[in-house]
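User: I am new to this structure and would like to go through it with you. Could we begin with the space inside?

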Amino acid sequence: MKFFWYLLLALQLFLVINLKAQQAWMKVDSLTPLTLDGVELQNPWAGGLNAIQYGTMHLDQDEFPDLVVFDRTNGRVSTFLTRALPEESGELSYIYAPSYALRFPKLSNWMVLADYDGDGHKDLFTSTPLGITVYRHSGAGGDWSFLPVRDLLYTKGFSSILNLQVSGTDLPGIADVDDDGDLDILTFDFSGTYISLHQNLSMEKYGVPDSLGTATDPVFIRNGNCWGNFHKGDISGFDFGVDCNVADNLTSARVEHAGNSILLADLNGDGAKDLLTGHVSNDYVSVLYNNQTGLIANFDRYTDTFPEKDPIKMHIFPAAYYEDLDFDGVKDLAISPNTEGNDGLAVDFASSSWLYHNAGTDSHPAFSLVQRNFLQAHMLDVGEYAAPTFIDVDADGDLDLVVGTGGVASASGFKGSLWLLENTGTSVDPSFEVVDKNYLDILGNFNIYNIRPQWTDFNGDGVVDLGFFAINIDNLKPEYRYIPNRSKGGGVQLDVKEVVQIPLPSGTQLMDAPFFYDADSDGDLDLLMGKTQGNINYYRNTGSNNNFSFQLESESFAGVSLNFEGRNVQVSVADVDLDDRPDLLTADQSGVLKIFHGGLWGQWTERTTSMIQMADNPRSPFLGVSLQTNIGDYNGDGKPDVVVGTNAGGVLLLQNILPITVTGVEPLPKDQLLVYPNPATQSVKVKLAQDGTIRIYGLNGAVIVDGGVLQAGQERILSTRNLSAGIYIIEAKTGDQRIAKKLVIR
């Protein structure tokens, strides 16, 4: 019988190795229900949003424009299809459709969707360190892609040809300023004082709008010293009556930023394009009114209070967007901060998407504020830096979620909390509900933010405890604490008054990512530290679970050394591929998940990145920066799944789809001890049907390894590295019963 099981295990491992080389490991789960405040969310696992740039285009082949948003804080594109919801009598809504985001290149700083070639499909303009790069929409119907057509755009200045620069902090205006059919470009100069007009002469030179020019023959030309006959005031406001010398019939050129956004729209129905502009130092959007149609704009008045009712007021750098977002055929006003991070820790990133409905027309709008969390209201969004973990809090046999948060601004400072998402479904049919946004009253008990929880047995009593890494708001230093779990019958029983602090190694940085794991199988927790610089440190615990003492063993564990692209690396450990060996899952600044597998602990031979099934193929999609991962079987199929927290405050669910279930062990008989593998080499796994204690004895009766308390069904790994080859006795005690088995060490 034993031979049969080992033969079966060998066959299954062979199949796993070959199957993993051919197919994806995970698929995106957007269907598991999540309820918040009594409402089932439409896009619960869309990943959250912070600083949003909006654009509409046709992603699929139906009649409705769809929605594309770019989050500046993490460089992630999210795509949403316009769909009718039958349960809501055909009302249209945006449904998260992540596969379409694969068609976008990796973006940074800003995104503008605009049709430059007049084919009826929007093209993509985005930032490059040297200015603007352009991708053309290619293909028809649902089979389309963005093809790179210009690495840089050039403009003819006053004395030479220059690359058309846009400050990385800015959002340019790309629009047909002179209504001649081609797209012109408006940018602020690098002082942030004047707007420059780069007029597109494609129509004038070629009679078609689709020329973008070249480095030797540009179609863009700098027209005038400035545009709109104004400049910014020395401290605030605007000065008008400046002669910009813009020419209406330009045929030749004359030549040439600090955080600005540009949007052109006729706001009063006079046919002239008015200007909505935000600035990095302001909490409002300024509106400048133009009294002249055509190319030569003339702005003569402004207001910083817009709209009059419920005016725009955000902590920093609000930017404006003009798109039809409520499906009535009229463009609405969307506002979101155009920032790369939470400046001063005062931005509420859970309500950073303001939508103003337009009850007027495109050229004479009438705006009214309808919500401050557009799109965010339909997804899990804890604000920023979501850090999800699986745990069965209520001992009902299914996995719940506890999510660490970045924090929210309050009178007592910027403080983080834990959200509890209870699984109100079953272990095989999960359904989550947000039941507590301040689980354990972390807000009231600690002055910390950017909380990253981990459930593991910190004190060695056989029960998982709650640990959490965080930043102390009083001294701005990282720290680690755990709360002992006093529950002995499953579930969680925690008292924050019993919190224990674990001293971290010197040199631990704010963006480091600690993960506790018994790497040397000696019965106490060691420390893997994902470093800000991209390497992974391995610290061996030379003390005990009750007296941690860390000794640095490696500064490039698993071969992960210093690297810029992989900075802010985060790690987690589990047997993801079910080959009876622990794997290493990492996430870093590249935005791509990696699994180290195919070998013994620390000796992995494979590193897989194309692991997520999207568009019928294994892909390595960009999921954003500063990700936090955790592993657990939330759908009860026996295969470890992955949950990903984003710095945008949301959560992504990834379901394990490896087409094989490998236990590698015989079924666990009632009242008996399971030991595997046996014979063993470096470690042995044990499992009991009932609560008990576990020990390994030598043939002389001496205790060689004390495995401590083991809960029913819990797996424990015991190190056998220090044992000589030979025969030992492994014994379990459950109540009055003793169970002993022979253990062979090779």
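User: How much space lies in the largest cavity?
Analyst: This is a predicted model, and its largest cavity holds about 160 Å³ of space.

User: Which residues are closest to the centre of that cavity?
Analyst: The lining has 17 residues, and those closest to the centre are Arg452, Pro453, Pro514, Gln570 and Gln628.

User: Which elements give two or more residues to that lining?
Analyst: These are the strands β28 (387–391), β34 (448–456), β38 (513–517), β42 (570–574) and β48 (628–632).

User: And how do the lining residues divide by class?
Analyst: Nine are nonpolar, seven are polar and one is charged.

User: What about the second largest cavity, what is its volume?
Analyst: Its volume is about 100 Å³. It is lined by 13 residues, with Tyr385, Arg452, Met511, Ser626 and Gln628 closest to its centre. Strand β34 contributes the most to this lining, giving three residues. By class, the lining comprises seven nonpolar, five polar and one charged residues.

User: Changing topic: how many disulfides are there?
Analyst: The count is one disulfide. Cys226 and Cys244 form it, with their sulfur atoms 1.8 Å apart.

User: Where in the chain do the two cysteines sit?
Analyst: Cys226 lies in the loop between β17 (220–222) and β18 (230–232), while Cys244 lies in the loop between β19 (238–240) and β20 (260–265). They are 18 residues apart, and the pair links distant parts of the chain.

User: Are they buried or exposed?
Analyst: Both Cys226 and Cys244 are buried.

User: What is the handedness of the link?
Analyst: The link of Cys226 and Cys244 is left-handed, with -95° about the S-S bond.

Definitions and conventions
Residues are numbered from 1 along each chain as its sequence is written. This is a predicted model: local features need pLDDT of at least 70, side-chain atom pairs count only at pLDDT 80 or more; totals for chains, interfaces and linings use all residues. Side-chain values use heavy atoms; hydrogens and water are left out. On a 1 Å grid over the protein atoms alone, a cavity is a set of points where a 1.4 Å probe fits but cannot get out, and a pocket is an open set with protein on both sides within 12 Å along at least five of seven lines; lining residues have an atom within 4 Å of a point. Grid points are joined across faces, edges and corners, and a volume is the space filled by probe spheres set on the points. Helices (H or I, at least four residues) and strands (E, at least two) are DSSP runs, numbered from the N terminus. Ala, Val, Leu, Ile, Met, Phe, Trp, Tyr, Cys and Pro count as nonpolar, Asp, Glu, Lys and Arg as charged, and the others, Gly among them, as polar. A disulfide is a pair of cysteine sulfur atoms within 2.5 Å. Buried means under 20% relative accessible area, exposed over 50%, partly exposed in between (1.4 Å probe, protein chains only).
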